[in-house]
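Here are my notes on this model, written as numbered points. Keep the structure open as you read.

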Amino acid sequence: MFFNNLAQLLQDFFFTKIRSAALAPVAAATTAGAASIEKSFRNVGIRREGVQWCRFRGQKGKSRMKQSIVRLIPSKLRPPMRRLYQCLEYDIGQRIGPMRILYQHLEYDIGMRMGRRDALNPPKWLHPIGSSGFKNFKEVGEEFFQYFVNIGGLQPYQRVLDVGSGTGRMALPLIKYLKDGSYEGIDIVAPSIEWCQNTYTPRYPNFHFHFSDIYNKMYNPTGKYKASEYSFPFGTSSFDFVFLTSVFTHMLPQDLDNYLSEVVRVLKRDGRCLITYFLLNPESLELIEAKLSSFTFRYDLTGCRVENADVPEAVVAYDDSTIRSLYQKYDLKVLEPIYFGKWCGRKKGLSFQDMIVATKPH
Ligand SMILES: C[S@@+](CC[C@H](N)C(=O)[O-])C[C@H]1O[C@@H](n2cnc3c(N)ncnc32)[C@H](O)[C@@H]1O
């Protein structure tokens, strides 16, 4: 009890007094840099209640340095100190300490000021997407751009919707292509959308980004609204092409069902959608059984299988028959074949995830 109160006291003290005192000289020293540092700390404050402790591969365990520091702290003081440290972590799924946040902001701001950084390279403190680095980020965007055009039939004059647009990985290759068309992105992570709005829209006025405060235990654990009841903020039949890359792989059955119905609603007749999944079928199940897969999907939930029982949205897989039935339910015609991916250890596959291209019949 005493230590809990102490931890609360320390947290409150830090967020009110020390934080502003510590940031005051920084704020005086730089302008834009300091503003964004202060903003990140504010975000820490907002997010500390909703933080999820889902760890990703490669983040297990503590570094040696951290272990040595922890050993220096009396064991009774460790829980409140741990809580104090954790409350500084910035984003879901990431364990980032204050020094790293500061470093990332400085690296970003200095890189931008010196013109050394590509303006469309998202800052590291936003939720990381893809394996690593801007090179990989661009390569994956480029890879999907080829699918949009060559498999999805995307044309430069079309109106495009990117559901779960993240930090612009798919928007990036489209800026050079959608010259006479337009792009709308929606996502549930406010800082990512804010960054995209500030970065893309002033340079590319036909690119727009929208934040929706939808709950997702992994991406937006404090979200107000349910994905299963959400209506996309666009009119019926308003898009030629809708895509979701690596989004239904983080959504649960009722939510996915509603989103697919929304995809159909906003698509024009003859419009197309391209969506990625982890699909379970005899082949992928056999490869999982043989331990060749990147995921085990060992937890069976109603209507799907997941990798992490505590944070089911971390990775979600569906039977391909379930997804086919949903397409039938919403009168979406699958443009065969389904492009199965390599995620499960399949030797040949178009991409990493499975991909379905479908059309809303005339
Ligand atoms: C793995 S990231 C992929 C981002 C982007 N599609 C890409 O390929 O770079 C998953 C994205 O889905 C978004 N997301 C999760 N649930 C969502 C929902 N219900 N509605 C919209 N976006 C969602 C997350 O915020 C995150 O940006």
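1. Start at Cys 344, in the loop between strand 10 (333-334) and strand 11 (354-359). Helices (H or I, at least four residues) and strands (E, at least two) are DSSP runs, numbered from the N terminus. This is a predicted model: local features need pLDDT of at least 70, side-chain atom pairs count only at pLDDT 80 or more, and totals for chains, interfaces and linings use all residues. Residues are numbered from 1 along each chain as its sequence is written.

2. Is Cys 344 buried or exposed? Cys 344 is buried, because 25 other C-beta atoms lie within 10 Å. The cut-offs are these: a residue is buried if 20 or more other C-beta atoms lie within 10 Å of its own, exposed if 12 or fewer, and partly exposed in between, with C-beta atoms placed from the backbone. Leaving aside residues up to four places away in sequence, Cys 344 touches Ser 284, Leu 287, Ile 288, Leu 292 and Ser 293. Contact means that the C-beta atoms of two residues, placed from the backbone, lie within 7 Å. Asp 354 is ten residues from Cys 344 along the chain, and their C-alpha atoms are separated by 9.8 Å.

3. The loop between strand 10 and strand 11 also holds Pro 337. A cis peptide bond joins Glu 336 to Pro 337, with omega about 0°.

4. Two strands pair if DSSP finds at least two bridges between them. Strands of a sheet pair through backbone hydrogen bonds, either parallel or antiparallel.

5. Follow the pairs in that sheet. Strand 2 (residues 182-187) and strand 3 run parallel, joined by five bridges. There, Gly 185 stands opposite Phe 209 in strand 3. Strand 1 and strand 2 are also parallel, over five bridges. Val 160 faces Tyr 183 in strand 2. Three bridges join strand 1 to strand 4, again parallel. The bridge partner of Asp 162 in strand 4 is Phe 243. Strand 1 (residues 159-163) is mostly covered, with four of its five residues buried.

6. Now look at helix 6 (residues 133-150). Its 18 residues reach 26 Å from first C-alpha to last, close to the 26 Å expected at 1.5 Å a residue. The expected span is 1.5 Å times one less than the number of residues. Which residues of helix 6 are buried? They are Phe 137, Val 140, Phe 144 and Phe 148. Seen down the axis of helix 6, these buried residues fall within an arc of 85°, so they line one face of the helix. The arc is that of the directions from the helix axis to the C-beta atoms. Their cover includes strand 4 (239-244) and strand 5 (267-277). The face turned away from the buried side carries the exposed residues Lys 135, Glu 142, Gln 146 and Asn 150.

7. A second open sheet has four strands in the order 6-9-8-7, with mixed pairing. Its edge strands are strand 6 (279-280) and strand 7 (299-301), and each pairs on one side only. Strand 8 and strand 9 run antiparallel, joined by two bridges. Val 306 has Val 316 as its bridge partner in strand 9.

8. Val 311 is in the loop between strand 8 (304-306) and strand 9 (316-319). Val 311 counts as buried because it has 20 C-beta neighbours inside 10 Å. Lys 217 is 94 residues away along the chain, yet the C-alpha atoms of Val 311 and Lys 217 are separated by 6.2 Å.

9. Check two phi angles. Ser 246 is not a glycine, but its phi is positive, about 60°. Ser 246 is in the loop between strand 4 and helix 9 (253-266). Asp 331, also not a glycine, has a positive phi near 55°. Asp 331 lies in the loop between helix 11 (320-329) and strand 10. Are these residues buried or exposed? Ser 246 is buried, with 21 C-beta neighbours inside 10 Å. Asp 331 is exposed, with 10 other C-beta atoms within 10 Å.
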